[in-house]
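Here is a short report on one protein model. Look at the structure first, then read on.

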Amino acid sequence: MIFVNLPVTDLDRAKAFYAALGFENNAQFTDETAAAMVIEENIVVMLLTRDKFNSFLAGPAGDPAEATAVLNAISAASREEADDLLSRALDNGGKPWRPAQDHGFMYGTSWADPDGNVWEAVWMDPAAVEG
């Protein structure tokens, strides 16, 4: 399994944002300091309050609103799905990050969540992968 751990300033806002993207909350691993948002069976986004996030660190935490430290990319089944994820992100408090990238065989959109954590939705033509 992959757990993407993200610091957030407002846990309820972050849960609502990721739910609007279609991620499902796993209440078993959710409390007042953290929320488990399931992208798919083996990929979970852990939304952690800043204090909770800091408790896992050996040093200071960076602020994703100030500098990008990681790009989180998820696969989209089509160009339309990549566009739809971007639209849902922007409609629910996300911010545009970079313009859509169209390379013919590969297409991607990107946004920052309300805390500045960056996400990309990427579609790749299956024929290009096979060839």
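## A nonpolar patch

A patch is built from residues with over 30% relative accessible area and no salt bridge, and nonpolar side chains are joined within 5 Å. In this predicted model, Phe105, Met124 and Val129 make a nonpolar surface patch of about 280 Å². Phe105 sits in the loop between strand S7 (101-102) and strand S8 (106-112). Its relative accessibility is 41%, so Phe105 counts as partly exposed.

## Helix H3

Which residues of H3 are buried? They are Ala82, Leu85, Leu86 and Ala89. These cover an arc of only 95° around the axis, which puts them on the same side of H3. Their cover includes helix H1 (11-20), strand S5 (71-75), S8 and strand S9 (118-124). The face turned away from the buried side carries exposed Glu80 and Asp91. Just after H3, Gly93 takes a positive phi of about 105°.

## Salt bridges

The structure holds 3 salt bridges. One joins the side chains of Asp115 and Arg13 at 3.2 Å, N to O. Asp115 lies in the loop between S8 and S9 and Arg13 in helix H1, so the pair ties together parts 102 residues apart in sequence. Asp115 is buried, at 7% relative accessibility, whereas Arg13 is partly exposed, at 34%.

Asp102 and Arg79 also meet in a salt bridge, at 3.0 Å, N to O. This pair links strand S7 to helix H3, 23 residues apart.

Asp84 forms a salt bridge with Arg88, their closest N and O atoms being 3.0 Å apart. Asp84 and Arg88 are 4 residues apart in helix H3, so about one helical turn separates them.

Key. Residues numbered from 1 in each chain as written. Predicted model: local features only at pLDDT ≥ 70, side-chain atom pairs only at ≥ 80, totals over all residues. Heavy atoms only, no water. Patch = residues over 30% accessible without salt bridge, like charges linked within 9 Å, V, L, I, M, F, W, Y side chains within 5 Å. Areas by Shrake-Rupley, 256 points an atom, 1.4 Å probe, with all protein chains shown as cover. Salt bridge = Lys/Arg side-chain N within 4 Å of Asp/Glu carboxyl O. Helix = DSSP H or I, 4+ residues; strand = E, 2+ residues; numbered from the N terminus. Buried < 20%, exposed > 50% of the residue type's maximum accessible area, 1.4 Å probe, protein only. Arc of directions from axis to C-beta. Contact = heavy atoms within 4.5 Å.
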